[in-house]
Amino acid sequence: MRVDIDDRDELERGERSREEGPVTDADVIIVGAGPAGLMLAGELRLAGVRPLVLERHPQPRDTPKASGIGGRILDLLRYRGILDRFEAASSDPNIAPRFPFGSLHLDLTRLADPPMRAMPISQAEIERLLGERARELGADIRRGHEVVGVGQDDATVTAEVHGPDGPCRVTARYLVGCDGARSRVRDLAGIPFPGTTYPEVNRLAVVTVPDSLTVHDNGDIAVPGLGTIHAGFTRTDRGVFAFAVTDGVLSLMTTEDESAEYDDDEPMALAELGASIRRVLGGDIPLGEPIRLSRFTFKDRQADRYRDGRILLAGDAAHLFPATGTALNVGMLDTVNLAWKLGADIHGWAPTDLLDTYHDERQFAGARALLQTRAQAALRRGHDAADEALRQVFQELLADEPALRRMGALVAHNDIRYPVPGPESHALTGAFVPDLTLHTDQGVTSVAELMRPARPILLDLADRPYLREAARGWQHRVDIHTAKTDHPPADILLIRPDAHIAWAAAVDEPADTAVPALREALACWFGTPLERV
């Protein structure tokens, strides 16, 4: 299915009060066709923007990397109407995970309504689905095109590219580096990337369970020469070994202090994993046929700034986290925040400094992700008696439901409430909008259904016509809906395209405060109103 975006934006383009921008090859150049780059391409098309994705690798890579997505990004994919594609490709969609945290576990399976869900799915499959979606929406994705130089002026950015037909230059209004941890775009822009590289190597594998391995009913394994090894984490003075047996498949990991540098694209052999297990445990474990083998190191880094003029960063180019299960999800959410703001600027209606809020909000979100992953590194790396005591106390705290929920929300990225100006804002302002069931004159719908086009929404839940009237000057940019819902969290919600709440009116808030506050929020996020409506 191909979605026609251009008609929807014709009015906005025609309403520009300033001159058209310069003629360019694309509106936005995206460097890198990983999950962040491909998610950004689809979101930009929903914003009516022409993205050009340049990827240096000629073919999609099958090197094992991330093995799932989880937390807030699952909600966002559902709000865009594409979560079902990922569920169809997953072996066990939308599970409540027993999530590793350092060398401990957040056991969310015991909660009826866990704050985080996860979906096992390979990164290669994630990229395939996101690329498929972006192309359906009209994105231009070119493989085998390596960006070797970047320059910018007040109006455009230029990329020097080596492609299959030789060198060329491509121009756009903006360029976004989604080109990973060793981002060339970040280096060319001169953006510092401070942080820590941890001297450890993690080896991860999924193998079949061989007949020579005895698996007990409780998930423990019996290994000749080593005895019984309990499921979960085993710590020795040489490192950490972890495993779990599920549906006849053995998932295992080793962590060792090691200062060697490895190329992310260099494959790991089963023999390398076996040698690591031998060093950590002091013996061998029978291994079946490999299903997935990967090796990774941990880095703790965050870009000083996510924007330098017309060059921006997203995903691993902007941040690296010293724990698994975080980077891909946070990187995709970066792009959802960025896309509609780029669209607003390119269409000519962006308020002053709107694009700067991308850095402000997503660096704040990245700092929250760094907080919990740094805590994981501290819990994982200590070896003395005090470190072991810390792990034991922390695990005991996680037996309490409130603590477990709080940690689950932190890992899921569900606790993000973007900082908002002013002390009198509603408690929902800056938060992700909940998926309310909505009763309208046309029938039953939901917030998720309304969010599919990635348009700003003014949702009136208390039938307050004077507030809708106050927003009429923005109705060409903001979709206005009236609905009823059980237990409304506010009388009216102003929702951004990234599903975060820009403003909310408290229940029964007086008109003399609600009307000017709404108009101020509309102008702050969605520009000046049309005088002729």
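Reader: Why is Cys168 called partly exposed?

Author: In this predicted model, Cys168 has a relative accessible area of 32%, and because buried means under 20% and exposed over 50%, Cys168 is classed as partly exposed.

Reader: What makes Cys178 buried or exposed?

Author: The relative accessibility of Cys178 is 9%, and since the label buried applies under 20%, Cys178 counts as buried.

Reader: How many disulfides are counted, and how do you know?

Author: The count comes to zero disulfides. A disulfide is a covalent bond between the sulfur atoms of two cysteines, and the cut-off for calling a pair a disulfide is 2.5 Å. The cysteine sulfur closest to that of Cys168 is in Cys178, at 19 Å, which is too far for a bond; taken from Cys178, the closest cysteine sulfur is that of Cys168, again at 19 Å.

Reader: How many cavities are there, and what lines the second largest cavity?

Author: Seven cavities of 30 Å³ or more are counted, and the second largest cavity holds about 110 Å³ of space. Its lining includes Arg72, Arg362, His413, Tyr418, Asp498 and His500, while helix H8 (residues 327–347) gives the largest share of that lining, with three residues.

Reader: What makes up the lining of the second largest cavity by class?

Author: The lining has five nonpolar, three polar and three charged residues. Tyr counts as nonpolar, whereas Asp and Arg count as charged, and Tyr418, Asp498, Arg72 and Arg362 are among the lining residues.

Notes:
Residues numbered from 1 in each chain as written. Predicted model: local features only at pLDDT ≥ 70, side-chain atom pairs only at ≥ 80, totals over all residues. Heavy atoms only, no water. 1 Å grid on protein atoms, 1.4 Å probe; cavity = no way out; pocket = protein on both sides within 12 Å on 5 of 7 lines; lining within 4 Å. Points joined across faces, edges and corners; volume = space filled by probe spheres on them. Helix = DSSP H or I, 4+ residues; strand = E, 2+ residues; numbered from the N terminus. Buried < 20%, exposed > 50% of the residue type's maximum accessible area, 1.4 Å probe, protein only.
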